[in-house]
Amino acid sequence: TGSEKQGATAYYVSTPIYYVNDAPHLGHAYTTVAGDVLSRWHRQRGEKVWYLTGTDEHGQKIMRTAEANNVTPQEWCDKLVEEAWKPLWEHLNIANDDFIRTTEKRHTDRVQEFVQDLYDKDEIYKGGYEGPYCVGCEEYKLPGDLIEAEDGTKLCAVHKKPVEILKEENYFFKLSEYGPRLLEFYANNPGFIQPESARNEVVNFVRQGLQDLSISRSTFDWGVPVPWDEKHVIYVWVDALLNYATAVGYGANQEKFDETFPANVHLVGKDILRFHAVIWPAMLMAQGLPLPGRVAANGWLMVGGEKMSKSNLTGIKPQDLTSHFGVDAYRWYFLRAIAFGSDGSFSWEDFTARYTSELANDYGNLASRVAAMVGKYFGGALPEATATGEAEKAVQEGLAKAAATADRKIGEELDFQAGILAIFDFVKQVNGYITEQEPWKVAKDESPEGRARLATILYTAAEALRGVAVLLNAVMPETSQKLWESLGAEASLGALPDQLVQDAGNWGQLPAGATVTKGAVLFPRLEEKPA
Ligand code: ME8
């Protein structure tokens, strides 16, 4: 899956850097949570990981928003980053290693050097262009990208807003020359673009022939100046894509750059696939830099049949959902409910139903029942399993299988839904095991055989939960930590984030005698839905 990263050591994951014309919404959080789960998963494989997110602060869209709010673009960006974007990522427990802003000097200096370098290599020339431009996308549109309003006005198909005809003398990057090399790269690296539908779309697009890319603007000045012609600023998308290089030391910290670059996975929404799968690799080819392992496109969160966007919201903010369902359930829900790469709709009813049946009833109740029984029958000291039979073997195998499947699905294929389902199927299996074994009946048998059976059942269930806590840690870290504490695992096994996912399925790690306590309820009963 994906192309191989040569020589570099860190597993490098990125999100798009988001435009700060407005506050983050569910769609941005969707991609960012996915990246967080992926990077936590790889950290729990014991790998060195670099998880990058940040903000895209230049261009006309930001400039106009600032103007409309009577502040400078820089003031606008500073305020939104500090008051809206960073706090949301903290709230959602996003463990990013860095946060890059495109107005930072560590970025702008390097962007100028990169572009100057391309100019010196004759990859950039001066030319003219006239065409329809969508400010929402910050992109010149081709005829096929437009739709017509009833009165004949041409609209951007993504934003459903009129395009503007721009005519400019610009600098152009010779993108058209890279078509054949890109097609060869896609052919040699079938996992480069995920999912398959996204890959086909890009290949077809490149096969039709690429146009050169206008990489400067001269009608406004909110951007990085073109170093050899300061009447121009660098096109916001060229500026933005370079964040993936500048943030990891391009042109500044060679050691960091070599151990991190290129990204193993660029997570993007499918709206910005071409920029990442066509323009970005061509820019890297032009510089002789290595290409990313994979561009993984997530589908759109929809509302009323339309892509959820800053101007088209459900009226529901991420915080409205986290205050009702909790942060962990929020992180879990979208990855669980929607196949990554497909579009999906949010519904309050669906979230409520899944929370109640899968989180509270299946998972939460299992954890609290097991802890309660160890308390009741063994005074809270985890008993030893001495009477293991076929039923226990099936649970042991179930855990090993869940661990292997989750590792492949989440860690390799980015199929978060299938990975989470594998773990929850195991939770169901353990519930079934307890129902069949009826420990509350076995407890009535006070003979040594009866006690041994009861001990074995409860050890088996607790050890199964040990595996579940490790496997769900990337998705629901606070819940896993509560469970870890309730199992008394820290004392003998150490800190939860240090537990390797590849060892999660190895049976028999919890030691007999561990102190099991009935900890906090993992998934409290939901309050009434807010009005
Ligand atoms: O495009 N469903 O920034 P942006 C799913 N600055 N994901 C969604 C979504 C939805 N309804 N809406 C947004 C930009 N997203 C550029 C990126 S990268 C070098 C520059 C997510 O603020 C999705 O990941 O418009 C999408 O690609 C991204 O937000 C776009 O954010």
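Predicted model: local features only at pLDDT ≥ 70, side-chain atom pairs only at ≥ 80, totals over all residues.
Trainee: What makes β12 and β13 a pair of strands?

Mentor: Strand β12 (residues 225–226) is joined to β13 by two bridges, and they run antiparallel. Pairing takes at least two bridges found by DSSP between the strands, so β12 and β13 qualify. Residues are numbered from 1 along each chain as its sequence is written.

Trainee: Why is β12 called a strand?

Mentor: A strand is a DSSP run of E with at least two residues, whereas a helix is a run of H or I with at least four, both numbered from the N terminus.

Trainee: How many bridges pair β4 with β8, and in which sense?

Mentor: Ten bridges, antiparallel, with β4 at residues 124–134 and β8 at residues 164–173. Ile124 has Phe173 of β8 as its bridge partner. Phe173 also stands opposite Leu213 in β10, and β8 is joined to β10 (residues 213–214) by two antiparallel bridges.

Trainee: How do you know how α5 and α10 are oriented to each other?

Mentor: Helix α5 (residues 179–188) and helix α10 (residues 273–287) pack at about 105°, with their axes 10 Å apart. Those axes are lines fitted to C-alpha atoms over the stretch in contact, and angles run from 0 to 180 degrees between N-to-C directions. Roughly perpendicular covers 65 to 115 degrees, so α5 and α10 are roughly perpendicular to each other.

Trainee: Which residues of α5 and α10 make the contact?

Mentor: Arg181, Leu182 and Phe185 of α5, plus Val278, Pro281, Ala282 and Met285 of α10; contact means C-beta atoms, placed from the backbone, within 7 Å. They divide into six nonpolar, no polar and one charged. Arg belongs to the charged class with Asp, Glu and Lys; Ala, Val, Leu, Ile, Met, Phe, Trp, Tyr, Cys and Pro are nonpolar, and the others, Gly among them, are polar.

Trainee: What makes a residue part of the shell around the ligand, and how many residues surround the ligand?

Mentor: The C-beta atom, placed from the backbone, must lie within 6 Å of the molecule. 22 residues surround the ligand, and the closest are Gly27, Thr31, Asp56, Gly269 and Met308. The elements giving two or more residues to that shell are β1 (11–19), α1 (26–43), α7 (236–241) and β14 (265–269). The shell splits into twelve nonpolar, seven polar and three charged residues.

Definitions and conventions: Parallel < 35°, antiparallel > 145°, perpendicular 65-115°, else oblique. Contact = placed C-beta atoms within 7 Å.
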